[in-house]
Amino acid sequence: MSRPDQVSSPEPAPVAPVPATPSAPGTAPAGAAAPAAAVPLRPPAAPEARPWSGEVPQPAPPAPVGRIPVIEVAPVVEGGRWPAKAVVGEAVPIQATVFREGHDAVAATAVLVAPDGSDHSSVRMRDISPGNDRYEGWLVPDAPGRWSFRVEGWSDPYGTWSHDAAIKVAADVDAELMLTEGALLLERAADRPLPDDARAVLTDAVAGLRDASRPAPARLAAGLSDEVVAVLDAHPVREMLSPSATYPLAVDRERALYGSWYEMFPRSEGARFDAETGRWVSGTLRTAAERLPAVAEMGFDVVYLTPIHPIGLTNRKGRNNSLTTKPGDPGSPYGIGSADGGHDAIHPELGTFEDFDAFVARARELGMEVALDVALQASPDHPWVSEHPEWFTTRADGSIAYAENPPKKYQDIYPLNFDNDPEGIYTAIRDVLEVWVAHGVTAFRVDNPHTKPLPFWQRLLEEFAQTHPEVIFLSEAFTRPAMMRTLAAIGFHQSYTYFTWRTSKEELGEYFTELAGESAAVMRPSFWPTTHDILTPYMQQGGAAAFAIRAVLAATGAPTWGIYSGYELVEHVARPGAEEQLDNEKYEFKPRDWARAESIGIARLLTMLNGIRRDHVALQRLRTITIHPTTDDALFCFSRRVPAHLSPTGTEDTVVVVVNLDPYTTREGLVHLDLAALGVEPATTGGTPVVAAHDELSGETYYWDAHPYVRLDPQGQCAHVLAVRAL
C-alpha cells in the first residue's frame with residue numbers, strides 16, 4: 001500500500017522466468033541449521049566488567065635461522081600479532097619459502113595444531129613456484145576454536161639421491177656406487193615404524209637395487225618406481241628438521257564464511273495508512289514474522305533487522321531525510337533512544353521481548369538465524385544523554401555535537417565519545433549485546449565501526465570470541481582499505497566491500513582476485529548489490545536486468561551475500577542527487593505489494609541462486625578463483641573449484657560463471673578457458689569438447705572445448721552458472 005503523497009516507482013520490466021523448485025512453505029532450506037533451543041525471555045546477569053590495560057603485544061625476540069631456513073610463512077597477519085581466519089571444514093592454504101645451501105633437495109611439511117596444543121594433521125607441501133623455493137600445502141580444521149600451524153623444513157635425502165642417481169646412471173658415472181647408496185637409503189627408510197605394505201614396497205626396491213644380474217638402468221628403476229615414490233611421499237625420510245614459529249589461526253563456524261542474508265525493516269511489514277486518522281500504523285514484530293516463510297523459501301540463511309529500538313523525537317527526520325517532520329513520521333531507526341529506553345529496549349510500536357522471542361523462534365523453525373543492526377550512537381532523547389553526558393562531545397557553544405558525514409548531516413544522532421569514560425561505555429555496550437544474544441541473536445551487523453576506536457573493538461570482539469564464539473560480527477565499514485582490513489584483522493568475522501561500486505570486467509576481475517588472495521586470510525567479504533543507504537547509478541539506470549546481473553555476481557562472487565528487502569521489486573528510483581532510494585525506508589514506512597514479485601522474476605532468480613549455492617561447495621569457498629579471458633568487454637567469466645580431497649563432500653566441484661555485464665544489450669564472444677584451473681588436462685583440442693557444462697539456471701548442458709562461444713541476452717538470461725566436469 002502506498003501513502004497518498006508517495007512518489008510511485010516506474011513498473012520494472014519483467015525478468016524472463018527461470019525454472020525453479022522452491023522449498024515448500026514452512027520448511028527449512030536444504031542444508032540449513034537445525035532450530036535452536038528456546039532462549040530465555042530475559043538475559044542472565046552480565047559478567048562483571050574486567051579492566052583492560054590497553055597493552056600491545058611486544059615483538060618476538062630474534063630467533064636463530066634453522067638448518068633448513070623457513071621464511072615468509074603465510075597466512076600470517078602482522079607477524080602473528082592477530083590470527084589468520086578459517087572456518088570449520090575450510091581448506092586453508094599454508095605457504096612458505098624453504099631452501100638450503102648447496103644443491104641437496106629440501107622439502108616442507110605443513111602442520112595443523114589443535115586448540116589443545118596437539119598436532120592435529122599434516123600435509124607434505126608442494127613447490128608451487130619452481131626456482132623461487134615457494135611451497136604450499138592445504139590444511140583443514142574440523143572444529144571451532146583457536147588453532148595454530150607451523151611449517152617444518154627438512155632435508156630430503158631421497159629427493160637428493162633420486163635426482164643425482166638418474167643423471168649418473170644414465171651417464172654411467174659412479175653407477176654402482178649410486179645404486180648401493182640408494183639401497184642403503186631405502187633400507188634405512190624401511191627400518192622405521194611403517195605399515196606392512198609400505199615396508200614391503202621398500203624392501204622389494206632394495207632387492208631390485210642390489211640385483212647385480214640386471215643392468216644398472218633396470219636396477220635404478222626399482223628404486224625410482226611410482227610405488228616407492230608414493231610410499232616416501234606419505235612416509236618421507238626427514239633430516240635436519242627445522243620448524244618455523246607457530247602461528248595463530250582462528251577457526252569459526254561455517255556461517256562466518258558462507259551465508260545468504262536478507263535485510264528488512266520490521267516496522268514496514270504490516271504497516272498501513274489509516275485514512276480516518278490520516279496517520280500510519282506501524283507494523284510489528286508479529287506481522288514481520290509473517291514475511292519469514294517467503295524469505296526462507298527464497299533460500300536465505302540469515303534475516304537481518306535494522307534497529308528495533310525506541311526512536312527519539314528531538315530533531316527527528318522526516319521523509320527523505322527532511323528536517324521537517326509531519327505527524328506520524330516514524331523517524332530513522334538509527335536515531336536510537338527515547339523515554340521508552342535505549343539500545344536494550346524494543347520500540348513499543350514493534351512489540352515486546354516476547355514478540356521478539358517469537359520472531360526468533362519462527363526464523364529458527366524455518367532454518368534461519370536472526371541478525372540485528374548495532375548502531376553505537378544516540379538520539380538526543382536517549383537515556384545515556386541525561387545519565388552520562390560525558391559520553392558525548394560538547395562543543396564550544398555548549399551544545400552536543402551531532403553526527404556528520406559531509407555533506408550528509410544527522411541532526412537526530414549524537415556520536416559517542418570514547419575518550420572520557422571508555423570503561424563505562426565499554427561495559428554499557430557489552431551489556432547491551434548480551435541482552436540480544438540472550439534473546440537468540442547470533443549475528444550483529446555493526447553500523448559504521450570505523451568511526452569507533454579500534455582498541456574498543458579489539459577488546460569487545462575478543463571477549464565475545466571467548467564467551468559467545470558462535471556470534472558473528474559483520475563490519476559495515478565503507479571506508480579506506482587500511483581501516484577495513486584492520487577491523488577484520490582484530491576480530492570482525494565479515495566485512496562489507498567495494499563490490500557495490502565495481503561494475504566493469506576489469507574492476508570485477510581485479511577485485512575478485514584480490515579478495516580471494518592474501519586478503520582471504522584476514523577479511524571475509526559480504527557482497528550486497530544495494531543497501532538501504534546505497535543505490536548506485538548502475539542500479540538506478542539498468543532496470544530489472546541490472547538487478548538480475550548484480551544478484552548473480554553477488555551470489556557467486558563471494559560465499560556471503562545479501563539483499564535489501566524490496567530488491568525483488570526492482571526498487572531503483574533514486575532521490576535526486578543522491579545514491580540512495582527515493583522515499584527511503586529509513587525515514588518512513590514502506591509496505592510492499594509482494595504479489596508483484598512473481599511477475600518480475602527476480603524473486604525466482606534469488607531462489608535459484610541460493611539453491612545453487614547450497615548445492616555447490618565451490619561457491620561456499622573464497623580462496624580459489626580464476627578469471628578467464630573473454631573477447632567481449634562486457635562478458636565476465638570466472639570459475640571456482642574445490643578438488644575432491646579438500647571437499648567436505650569428498651567430491652570435486654567446479655563452477656564456471658559467465659555474466660553479461662551490459663544490462664541493455666545482448667553480448668556474444670569467446671571465452672578462453674584455463675583448463676588446468678578447471679581440473680582438466682590442458683590439450684590442443686581443435687574444437688573437440690573437453691568439458692560438460694551444465695547450466696544450473698536454464699537446465700541446458702553444453703559440451704565445450706577450451707574456447708566456447710557464448711551469447712547472453714540481459715532481458716532473458718543474463719548469465720550462465722555452470723557445473724563443469726571433464727569428459
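The model is predicted, so local features need pLDDT of at least 70 and side-chain atom pairs count only at pLDDT 80 or more, while totals for chains, interfaces and linings use all residues. Residues are numbered from 1 along each chain as its sequence is written, and side-chain values use heavy atoms, with hydrogens and water left out.

User: Which strands make up the closed barrel, and how is the pairing described?
Analyst: Helices (H or I, at least four residues) and strands (E, at least two) are DSSP runs numbered from the N terminus. Two strands pair if DSSP finds at least two bridges between them. The barrel has eight strands, in the order 11-14-15-20-21-22-23-24, and the pairing is parallel.

User: In strand 21, which residue is the bridge partner of A443?
Analyst: Strand 20 is joined to strand 15 (residues 369-374) by four bridges, in parallel, and A443 of strand 20 is the bridge partner of A371. Strand 20 also pairs with strand 21 (residues 472-476) over five bridges, again in the parallel sense. In strand 21, the partner of A443 is I472.

User: How many of the residues of strand 20 are buried?
Analyst: Buried means under 20% relative accessible area, exposed over 50%, and partly exposed in between (1.4 Å probe, protein chains only). Both faces of strand 20 are covered, with A443, R445 and D447 buried on one side and F444 and V446 buried on the other. For strand 20 (residues 443-447), the number buried is five of five.

User: Why does T442 count as buried?
Analyst: T442 lies in the loop between helix 10 and strand 20. With contact meaning heavy atoms within 4.5 Å, T442 touches R253, R364, E369, V370, E470, V471 and I472, not counting residues up to four places away in sequence. T442 counts as buried because its relative accessibility is 14%.

User: What distance separates the C-alpha atoms of T442 and V471?
Analyst: V471 is one of the residues that T442 touches. The two are 29 residues apart along the chain, and their C-alpha atoms are separated by 4.7 Å.

User: At roughly what angle do the axes of helix 10 and helix 11 cross?
Analyst: Two packed helices are described by the angle between their axes and the distance between the axes. Helix 10 (residues 422-438) and helix 11 (residues 454-467) have axes that come within 11 Å and cross at roughly 35°.

User: How many nonpolar, polar and charged residues are in the contact of helix 10 with helix 11?
Analyst: Helix 10 contributes E423, Y426, I429, R430, L433, E434 and V437, and helix 11 contributes F456, R459, L460, E463, F464 and T467. Ala, Val, Leu, Ile, Met, Phe, Trp, Tyr, Cys and Pro count as nonpolar, Asp, Glu, Lys and Arg as charged, and the others, Gly among them, as polar. By class, the contact has seven nonpolar, one polar and five charged residues.

User: Which strands are the edge strands of the open sheet?
Analyst: Six strands form this sheet in the order 25-26-27-32-29-30, with antiparallel pairing. Each edge strand pairs on one side only, and the two are strand 25 (626-628) and strand 30 (701-704).

User: Which strands of the sheet does helix 14 touch?
Analyst: Helix 14 packs on the sheet, and its direction makes about 155° with that of strand 27. The strands touched by helix 14 are strand 26, strand 27 (653-660) and strand 32 (719-726).

Definitions and conventions: Axes fitted to C-alpha atoms, helices over the stretch in contact; angles between N-to-C directions.
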